[in-house]
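Please open the model in your viewer and keep the sequence panel beside it.

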Amino acid sequence: MARRAHVTLTGGTSPEGRISGYLLKVIRECTGQTQEQLAEGLGVSAATVQGWESGRRPLMAMPAGNFMALQAQFRRLGTAPGLLDALAHGLEADLFIGQALAAPHHQPIPSAICSAPG
């Protein structure tokens, strides 16, 4: 039996999602959507949206296709491109924070975190 791949934005390695969650809340509010309206538009529960916004459910653990649907939903609602860029940067910040916090305190932060892409 073939196993279906479940790809997430970061492999679900980070326990943190507060920065991107807060940005999601800002974007949702800028578009005039309630948590319930956004949830309905995405086919998720309001509790899921609440979890994303609070950081309890990191956006980076969301399947990549679902994140793309979230971005598309915000584009349809007229979200400024700069806000969507900020959301992507927020995800990067959450990843960095999560990896830094996951590193044992007696070991240096992995060089992959510190090196700039080529």
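In which helix is Gly-21 found? Select Gly-21 and you will see that it is found in helix H1, where helices (H or I, at least four residues) and strands (E, at least two) are DSSP runs numbered from the N terminus. Before going further, please note that this is a predicted model, in which local features need pLDDT of at least 70 and side-chain atom pairs count only at pLDDT 80 or more, whereas totals for chains, interfaces and linings use all residues. Residues are numbered from 1 along each chain as its sequence is written, and side-chain values use heavy atoms, with hydrogens and water left out.

**The whole chain**

Colour the chain by secondary structure, and you will find six helices and zero strands, so that from the N terminus on the elements run α-α-α-α-α-α. Of the 118 residues in the chain, 33% are buried; buried means under 20% relative accessible area, exposed means over 50%, and partly exposed lies in between (1.4 Å probe, protein chains only). Among the contacts with a separation of 6 or more, 74% join residues 24 or more positions apart, a contact being heavy atoms within 4.5 Å.

Return to Gly-21, which counts as buried because its relative accessibility is 0%. Leaving aside residues up to four places away in sequence, Gly-21 touches Trp-52, Glu-53, Leu-59 and Asp-94. If you draw a distance from the C-alpha atom of Gly-21 to that of Gln-50, which is 29 residues apart from it along the chain, the separation is 8.9 Å.

An α-helix has 3.6 residues a turn, so residues three or four places apart point the same way.

Next, show H1 together with H3: they pack at an angle of about 120°, with their axes 6 Å apart, where axes are lines fitted to C-alpha atoms, for helices over the stretch in contact, and angles run from 0 to 180 degrees between N-to-C directions. That makes H1 oblique to H3, since angles under 35 degrees count as roughly parallel, over 145 as roughly antiparallel, 65 to 115 as roughly perpendicular and the rest as oblique. On the H1 side the contact is made by Arg-18, Gly-21, Tyr-22, Leu-24, Lys-25 and Arg-28, and on the H3 side by Trp-52, Glu-53 and Ser-54.

**Gln-35 in helix H2**

Move on to Gln-35, which is found in helix H2 and is buried, with a relative accessible area of 17%. Not counting residues up to four places away in sequence, Gln-35 touches Arg-28, Val-49, Gln-50 and Glu-53.

Select H4, where the buried residues are Phe-67, Leu-70, Gln-71, Gln-73 and Phe-74. Seen down the axis of H4, they fall within an arc of 155°, so they line one face of the helix, and on the other side Met-68, Arg-75 and Arg-76 are exposed. Just after H4, look for Gly-78, which takes a positive phi of about 85°.

In H5, select Leu-84, Leu-87, Gly-90, Leu-91, Asp-94 and Gly-98, which are buried. The buried residues of H5 fall within an arc of 100° when seen down its axis, so they line one face of the helix. Pro-81 and Glu-92, on the other side of H5, are exposed, and H1 and H4 are among what covers the buried residues.

**The last stop: the core**

Finally, select Leu-24, Leu-59, Leu-70 and Phe-74, the residues with the most contacts inside the largest nonpolar core, which has 16 residues. A nonpolar core is a set of buried Ala, Val, Leu, Ile, Met, Phe, Trp, Tyr and Cys residues joined through side-chain atoms within 4.5 Å. Helices H1 (18-30), H2 (35-42), H3 (46-54), H4 (64-76) and H5 (81-102) each supply at least two residues of this core.

Technical notes:
Arc of directions from axis to C-beta.
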